[in-house]
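User: Please take one part of this model, the packing of its helices against one another, and go through it closely. I would like one connected account that then places this part in its surroundings.

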Amino acid sequence: MTVEEQIREIVARITHVDKGIITRESTFKDIKADSLDIVQALVAVEETFEIEIPDEEAQKFKNFGDFVSYVEDRVAQEGKV
Amino acid sequence: MSFEGKVALVTGGGRGIGQAIALKLASQGADIIINFFRHRESAEKTAKDIEALGVKAETIRANVGDPAKIDEMFDMIGNKFGRLDILINNAASGVGRPVMDVDVKAWEWTMDINARACLLCAQKAAKLMEGRGGKIVSISSLGSPFVLPNYSIVGISKAALEALTRYLAIELAPRGICVNAVAASAVETEALKFYFKEGLVKDNRQVTPAGRMVIPEDVANVVAFLCSEEAFMIRGQTIIVDGGTSVGPFTLVSKES
C-alpha cells in the first residue's frame, strides 16, 4: 500500500467517512474533520510512519494532498520506505 | 527554597505554564526532564534555557494520553536518573464543546490526557520516589469548581484530577510524598490565544480584582512553593491562583462600567 493509501485509510477511520470520497483536493472541512480528528490523524500517521509532524507544519496543510506530500517527503528523507 | 540535587519531571514542560514551572524549579537548582508531545522546538529551546541556569535538562517526547508511552517515559527516567523527586502533571488537552455535544471520542481524548495520565504518572513516579519521598503537583483550572462556556469536558477532567489529588495525598502520605494541585483562571499563554479565538474564554483583565491576568510565572511560583519543604503540611489541596476572581464572582463587572 502506498503512503497516500495508508494515510487515506487512517483519515477515513478517524473521521468515519468513506475513503473513496477523500481526494488530494479534499480539505479537512470537506470531510467534516474537527480539530480533534485532525490531531488524532496526525498522531496515527506519526506512529505508522515513525515520523514527527510539528504543529507548525501541520497548520500549513491546506488539503489532504498537502498532508500526503509532506509525509511522502519525510518518509523519503528518512529512508523509511 | 532550594531544589538542588532534585530531579523534576514536568509534563507538557516546553510551553506556557509548564515551561514557567520548569524554569522556576531549574532556577532553584533542580535538574529538569521536560516531557513534550507536539512542540519539540519549544521544548528543546526550554531545555537550552534551563541548561544556561547551570542544571541538567532532558527532553522526552511522549503522548501522555497513551499508557504505553508513559511506561516508556518512566523507563527512560529510571534508567537515566534512577530516581524522581518532583512530578508536575501539567500536560493537558481538550475539546471545546457544550456538554451536550461531548461524544465518546472527545471524552476519552480529554480524560486520557488530563486525568488518566495524572494517575499513571503518579503511580510510576511514586515508585521512583520510593524510600526518599517526593512532591507531586498537578495543574487544574477553575473549570472544575465553576462552569465555563464550552469548557465542559475539560472542566470535568480537571474535577477528576482534583479528586485524584486528594486520594493520592492520603494514600501516598505514609511514603513521604506530598500531593497537591494548583488551579488557575485564564492564564496568558499560547493556548489561551486559541481559546480566545474559539470564543471559549473572554478577556478578563478588566474584571480580575488583582488588576491583570494571571501569567504562567504566577502559577509556577505557587507550584514551586508546594514542592518545597515549607509546604510540608499542605496535602491534597487545590490552591487557586486567579487574582481574586473566584472569591468575588458578583464583583465581576468591568471597571469601566
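**Helix packing and its setting**

Helix H4(B) and helix H5(B), the latter spanning residues 152–172 of chain B, pack at an angle of about 15 degrees with their axes 9 Å apart; axes here are lines fitted to C-alpha atoms, for helices over the stretch in contact, and angles run from 0 to 180 degrees between N-to-C directions. Because of that angle, H4(B) is roughly parallel to H5(B), where roughly parallel means under 35 degrees, roughly antiparallel over 145, roughly perpendicular 65 to 115, and oblique the rest. This is a predicted model, in which local features need pLDDT of at least 70 and side-chain atom pairs count only at pLDDT 80 or more, while totals for chains, interfaces and linings use all residues. Residues are numbered from 1 along each chain as its sequence is written, and chains are lettered from A and ligands numbered from 1 in the order in which they are written.

On the H4(B) side the contact includes Trp107(B), Met111(B), Cys118(B) and Leu119(B), and on the H5(B) side it includes Ile153(B), Leu161(B), Leu164(B) and Leu168(B), with two residues taken to be in contact if their C-beta atoms, placed from the backbone, lie within 7 Å. By class, this contact has 15 nonpolar, 3 polar and 1 charged residues (Ala, Val, Leu, Ile, Met, Phe, Trp, Tyr, Cys and Pro count as nonpolar, Asp, Glu, Lys and Arg as charged, and the others, Gly among them, as polar).

H4(B) also packs with H3(B), at an angle of about 25 degrees and with the axes 10 Å apart, and these two helices are therefore roughly parallel to each other. Their crossing is right-handed, and the contact is made by Pro67(B), Ile70(B), Phe74(B), Ile77(B) and Gly78(B) of H3(B) together with Ala117(B), Leu120(B), Cys121(B), Lys124(B) and Leu128(B) of H4(B). In this contact there are 8 nonpolar, 1 polar and 1 charged residues. Helices (H or I, at least four residues) and strands (E, at least two) are DSSP runs, numbered from the N terminus.

The sheet of chain B comes next: 7 strands form an open sheet in the order E3-E2-E1-E4-E5-E6-E7, with parallel pairing, two strands being paired if DSSP finds at least two bridges between them. Its edge strands are E3 (57–61) and E7 (238–241) of chain B, each of which pairs on one side only, and the twist averages 20 degrees from one strand to the next. Strand E2 (residues 31–36) of chain B pairs with E3(B) in the parallel sense over 5 bridges, and Ile32(B) stands opposite Ala57(B) in E3(B). Helix H2 (residues 40–51) of chain B packs on the sheet by touching E2 and E3 of chain B, its direction making about 165 degrees with that of E3(B). Helix H3 (residues 67–81) of chain B packs on the sheet as well, touching strand E1 (7–10), E2 and E3 of chain B, and its direction makes about 155 degrees with that of E3(B).

Between the chains, the contact takes 9 residues from chain B and 5 residues from chain A. The elements giving two or more residues to the chain B side are H2 and H4 (104–128) of chain B, and H4(B) gives the most, with 3 residues. That side has 3 nonpolar, 2 polar and 4 charged residues.

As to confidence, the mean pLDDT of chain B is 92, and 90% of its residues reach 70 or more, pLDDT being the predictor's confidence in each residue, from 0 to 100. Chain A averages a pLDDT of 90, with 98% of the residues scoring at least 70. For the complex, the predictor gives an ipTM of 0.79 and a pTM of 0.90. Where pLDDT is low, the predicted coordinates should not be read in detail.

Notes:
A crossing is left-handed if the near helix is turned anticlockwise from the far one by less than a right angle, and right-handed if clockwise.
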